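Hello,

Here is the structure you asked for. My notes follow below it.

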Amino acid sequence: MLNYNPVNFKEMSPSELCDYIAKRHHKYVREEFGKISDHLKTALNVDVNSGPELRAIIKLFHELHDELEQHFNKEEEILFPLVQQLIISEETERAKKNLSVSIIDKPLEEMNKDHKKIERILSEIRRLSHDYFLDPMSSPTHKLCLNELFALEDDLHKQFYLEENILTPKLITWEQTILS
Ligand SMILES: [Fe+2]
Ligand SMILES: [Fe+2]
């Protein structure tokens, strides 16, 4: 899990925020996926009590992986590079003239749609795992997986909060100033 205390997100520029999100959150989630996937496979093999619920969680976990990979790619290849475009528009009179309509509205709308879809998968995993309940009868690997999934969910909530409540208003206000 990431330590949030020393960073003041409100003071960060949109460019710094995008950089932080990609380098800390996207990287963390991508690294965790491989590890959790291996642990889930082991838990399914060793835990005789794991049953259909664990199978359903694994299926959702793969769905989550696919959704997040696509979502992170969209942010890194479409939304975040628009920040550089806004910097250029702000600094260059000609580029500023070319910017007559919002370039961030659609990618932000897409981002929110993706977040909702991902949140639905996360809450389904939470429901199936009974709020990540650690059954004393489960194998240590099964318990480890639940702890890891809980940490992953927590980190994703922090990431989405940053994107929706800190980055988004900064981008909207900034673009409006350039457009006006
Ligand atoms: Fe993100
Ligand atoms: Fe996102």
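What is the mean pLDDT of the protein chain, and what share of its residues reach 70 or more? This is a predicted model; the mean is 93, and 97% of the residues reach 70 or more. Where pLDDT is low, the predicted coordinates should not be read in detail.

The overall layout is as follows. The protein chain has five helices and zero strands, so the pattern along the sequence is α-α-α-α-α. Its C-alpha atoms fill a box of roughly 65 × 30 × 20 Å along the principal axes. Of the 180 residues, 18% count as buried. Of the contacts with a separation of 6 or more, 80% are between residues 24 or more positions apart.

Helix 2 covers residues 51-91, which makes 41 residues. From first C-alpha to last it reaches 59 Å, close to the 60 Å expected at 1.5 Å a residue. Helix 2 also bends, by about 35 degrees, at glutamate 75.

Glu75 is itself one of the buried residues of helix 2. An α-helix has 3.6 residues a turn, so residues three or four places apart point the same way.

What do the buried residues of helix 2 pack against? Their partners are helix 1 (14-46), helix 3 (93-98), helix 4 (105-128) and helix 5 (140-179).

Regards

Terms used: Residues are numbered from 1 along each chain as its sequence is written. Chains are lettered from A and ligands numbered from 1 in the order in which they are written. This is a predicted model: local features need pLDDT of at least 70, side-chain atom pairs count only at pLDDT 80 or more; totals for chains, interfaces and linings use all residues. Helices (H or I, at least four residues) and strands (E, at least two) are DSSP runs, numbered from the N terminus. The expected span of a helix is 1.5 Å times one less than its number of residues. The bend at a residue is the angle between axes fitted to the seven residues ending there and the seven starting there. A residue is buried if 20 or more other C-beta atoms lie within 10 Å of its own, exposed if 12 or fewer, and partly exposed in between; C-beta atoms are placed from the backbone. Two residues are in contact if their C-beta atoms, placed from the backbone, lie within 7 Å. pLDDT is the predictor's confidence in each residue, from 0 to 100.
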